[in-house]
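This report describes one protein chain, from its overall make-up down to a single residue. Please keep the sequence and the structure in view while reading.

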Amino acid sequence: MSSFHTTRARSARVGAAVAAAGLLTALVTAGPAAATPDPGDLSPGNGNQHSASPVDGRELAPGEIPGQDEIVHSANIKPLANIPSADPAVINSDLAFQGRYAYAGNYNGFTIYDIANPKAPKTVTQVLCPGGQNDVSVYGDLLFLSTDSSRSDDSCNSVSQPATEKSSWEGIKIFDIKDKKNPKYIKSVETNCGSHTHTLVPGGRDIYLYVASYSPNEAFPDCKPPHDGISVVKVPKKAPTQAAVVAFPILFPDGGNPGAPTNPGVSKTTGCHDITVLPSKNLAAGACMGDGILFDISKPEQPRVIDRVQDNVNFAFWHSATFNERADKVVFTDELGGGGGPTCNEATGPHRGADGIYDITGSGDQRKLAFRSYFKIPRHQADTENCVAHNGSLIPVGGGRDIMVQAWYQGGVSVWEFTDSAQPKEIGYFERGPLTTDKLGLGGSWSAYYYNGHIYSNDIAKGLDVLRLDDWRTASARRVWLDRLNVQSQPEYH
């Protein structure tokens, strides 16, 4: 297999400061518009030098926008540590966890952190293997990486190449991570339209990956329309180098949401952006551009749609999904503006670029998704800050309470409760002030997840943040200890 590069950390922290790395050249309109993919073609905005030392910060006054790069947070959240980005010009993406390690994707590869001491995390390895978004998941000694940018080949030395070229490659890369300091690239699997995200479905002898991708084009030899389903990759546990695509189930036989002009401001469904599975219930929820779906995965190679919903008033782009612990609710996110727009402001309002909370009613094949309310952070952001609902996870409090933590790009990290589906509310937050004050900058928390007592956030421009949450409503979660967390493969916590 073609070579790749590994850089080992020379100290406990990566000391590179966040420097100027390019600004967006135009504002993304905050009005209804067909959403674009996550901002892989954009560069992180510049900001002030950020210290690796924790900063106490302060609480916000009502209606206040913090100063440039200023850290603010609610009284129940304390920032513990930050490891700045090794390369501030590269976008940081998703996170996965296993044991004492956190795995952080970025558009140049991935980084492995030792988080045994959350107050002093250490960089173990940096792997150079370019290709957006490089979303990551782990299982045993295997790490899976998504490539959704057209590359010259499947190696880690590849360069960008137009998708109109038949020889171009996109898909899944598989690494052996038994030796955390020296991961080995062992297999690639090409998938139609690439792999924007993937979801790991654990099984008996095999692991399955549900590969989500979208935006086909007649000019792309390996990504022609219609693209109305997902790729299913089968990975034999004892022979991972035999991984291969085994199915392409059609989820939208009618083509899905037609988008504009039928539904102005709504993305046409040409695949899925993200899928969350709940293996203990044989359920999955798909966020698929113009549609939200609930499906049965009792036969992993043949996922079957149970119900499908649309929101052609307030949702532009169905981005991701999260079940509650009882599996009677799903939170869908709307990535209005594709992650590059300033949509957390008064002009956009509280119902767009938000979460949609749905109850799951009925049973068996009669289950339905019933809309209950929207949730959006109540803290308005500056018009120079990209901000919209993004990746989050449950905080496993149990007892019938529903609380999750969520990334909002430059809106920061929000902890919010949706026990009452109709009346969600924020109960904690952490954020930094605008990266830039003169032009729209790209930055903020891409993913914010709760794992074994702490919140971990992968900030596009600022690197890895570790936060401690101290709140009576979430105290019970500290008794839940996991040996692995891929957030899109939701565990049974209790």
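The model is predicted. In the protein chain there are zero helices and 31 strands. Of its 494 residues, 63% are buried. The chain exposes about 17,800 Å², and carbon and sulfur atoms supply 49% of that area. Contacts between residues at least 6 apart in sequence were also examined: 62% of them join residues at least 24 apart.

One part of the fold is an open sheet of four strands, in the order S16-S17-S18-S19, with antiparallel pairing. Strand S16 (274–278) and strand S19 (304–309) form the edges, as each pairs on one side only. From one strand to the next, the twist averages 20°. S16 and strand S17 (residues 283–288) run antiparallel and are joined by five bridges. Thr276 stands opposite Ala285 in S17.

The last topic is Ser85. This residue is found in the loop between strand S3 (77–83) and strand S4 (92–98). Is Ser85 buried or exposed? Its relative accessible area is 4%, and the limit for buried is under 20%, so Ser85 counts as buried. The side chain of Ser85 has polar contacts with backbone atoms, including the two listed here.

| Backbone atom | Distance from the Ser85 side chain |
|---|---|
| Oxygen of Ala461 | 3.4 Å |
| Nitrogen of Gly463 | 3.3 Å |

Conventions:
Residues numbered from 1 in each chain as written. Predicted model: local features only at pLDDT ≥ 70, side-chain atom pairs only at ≥ 80, totals over all residues. Heavy atoms only, no water. Helix = DSSP H or I, 4+ residues; strand = E, 2+ residues; numbered from the N terminus. Buried < 20%, exposed > 50% of the residue type's maximum accessible area, 1.4 Å probe, protein only. Polar contact = N/O pair within 3.5 Å; in protein donor to acceptor, adjacent residues only side chain to side chain. Contact = heavy atoms within 4.5 Å. Areas by Shrake-Rupley, 256 points an atom, 1.4 Å probe, with all protein chains shown as cover. Pairing = 2+ DSSP bridges. Axes fitted to C-alpha atoms, helices over the stretch in contact; angles between N-to-C directions.
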